[in-house]
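Let's take a walk through this model, strand by strand and then into one of its pockets. Have the sequence and the 3D view open side by side.

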Amino acid sequence: MKISIQVFTIFFAFLLGVSNIAAKEIAVIQGHVKDQKGEVLPFANVMLVDAESENMITGSVTDESGNFTLESARSGNVKLMVSSIGYETFTSEAFMMKAGEKKDFGAVIVTEEVAALGEVTVRANRPEVIIEPNKTTVNIEGTVMAEGNTALDVIGRSPGVYVDQDGNINLNGRSGVTVMINDRQTYMSADDLANFLRAMPADNIKSLEIINNPTSRYDAEGGAGVINIKLKKSNLDGVFGNVQVGGQYNGQFAPNTGVTINAKKGKWTNNASLNYSEYAVFNDLEINRNFQLEEGISNFDQNSRITTRNKSLFFSGGSDYEINKNHSVGVSVQASGSNGVDVSDALTEISNPGTTDRNFLRSLNDSENKRQRFFTNLHYVGLLDTL
């Protein structure tokens, strides 16, 4: 009996020691988020990202008092990012995070987003966020986020959502999110989906539904979560639409434009949207390599620029007939095409031991990818009102 007690005591002490070691290896970062008026900001996205790649390490959402706590076992150079609907994204200076370290950011102040037209500053209403047991709804229509932004911008600032620099969508730290439009799945690859959302003006969106734990109603691949984009619909007979022209500059200029038309007459509702966008980025690399030889050290000093430009054209349209207030039938069509080009230009200076001669190596690499997609859907919607 005494031996059993001793064994149990030793085993318990071992587990306690392991847990203490594990606890010491976890870095904790905490703080609270406020706006410029000093009011707390609930349900804001707080992410810890790699300082160089900006890939997400871990993330959380502020509570109702604006507080956040992040835990990570990773050490390295990182940044803290805070984003929320209606506010500019906050990015901290890079700092070194060490295992077992605790860091308190205190109050993180975010700036309200405004739209400027010439000398006039327009302040729109901030989006209303409705938290329900099974989903979070973000109302976009008529808010500042609807002006001059894309669908990808809006999604990336919604509670629990993080979009990396390549357009990949993460929900609560999980990838593989299913994106739907008006309750219908898009069936696109990650690259096509990112380009499609970059081309869609936020002004076309009525609201976003963010579903963290999808039910059996959704396909199995939506296990990481579902984001349902609700587009604007007209309840009055007539024709309305909008035209958007814009662009971005990131060392290269990339234009985007789009037109959307909605028409309703009686029980028929028709819509069509055509969007063109370009996405352009470049990366500058400086690589210095030293090789130990018998005669001494050989040095390779490389400077290169990798330029990426993607051109995308998307069309979507649909027609619905309302049989009665609870039943409707319709057809929808989506078509897209994209053309991406990657150009790499590298110059390497080579020096060898025992000589003052310099050798130069110039390399040019071009690659091109093309994608085309067509999707159509025939649908019937029936709402069963048992009450």
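Two strands count as paired here if DSSP finds at least two bridges between them. Helices (H or I, at least four residues) and strands (E, at least two) are DSSP runs, numbered from the N terminus. Before going on, note that this is a predicted model, in which local features need pLDDT of at least 70 and side-chain atom pairs count only at pLDDT 80 or more, while totals for chains, interfaces and linings use all residues. Residues are numbered from 1 along each chain as its sequence is written, and side-chain values use heavy atoms, with hydrogens and water left out.

Start with the open sheet. Six strands make it up, in the order β19-β20-β21-β22-β23-β24, with antiparallel pairing. At the edges sit β19 and β24 (358-382), each of which pairs on one side only. On average, neighbouring strands of this sheet are turned by 10° against each other, direction ignored. Angles like this run from 0 to 180 degrees between N-to-C directions, and the axes are lines fitted to C-alpha atoms, for helices over the stretch in contact. Helix α3 (residues 190-199) packs on the sheet and touches β21, β22, β23 and β24, its direction making about 70° with that of β22. Contact, by the way, means heavy atoms within 4.5 Å. Within the sheet, β22 (residues 297-324) and β23 (residues 327-351) pair in the antiparallel sense over 25 bridges. If you want a spot to look at, find Thr307, which stands opposite Val343 in β23.

The loop between β1 and β2 (45-50) holds Phe43, which has a positive phi of about 60° although it is not a glycine. Why point that out? Most residues other than glycine have a negative phi. Phe43 counts as partly exposed, at 26% relative accessibility; buried means under 20% relative accessible area, exposed over 50%, and partly exposed in between (1.4 Å probe, protein chains only). Asn182 is another non-glycine with a positive phi, about 50°. Asn182 lies in the loop between β15 (178-181) and β16 (184-185) and counts as buried at 17%.

Ser83, in strand β5, is also buried, with a relative accessible area of 3%. Leaving aside its neighbours within four places in sequence, Ser83 is in contact with Ala44, Asn45, Met47, Thr89, Gly156 and Arg157.

Last stop: the second largest pocket, with a volume of about 900 Å³. Of the 29 residues that line this pocket, the closest to its centre are Leu152, Asp153, Asp164, Arg198 and Gln248. The elements that give two or more residues to the lining are β5 (76-83), α2 (151-156), β13 (161-163), β19 (238-249) and β21 (268-292), and β21 gives the largest share, five residues. On a 1 Å grid over the protein atoms alone, a pocket is an open set of points where a 1.4 Å probe fits, with protein on both sides within 12 Å along at least five of seven lines, and lining residues have an atom within 4 Å of a point.

Key. Points joined across faces, edges and corners; volume = space filled by probe spheres on them.
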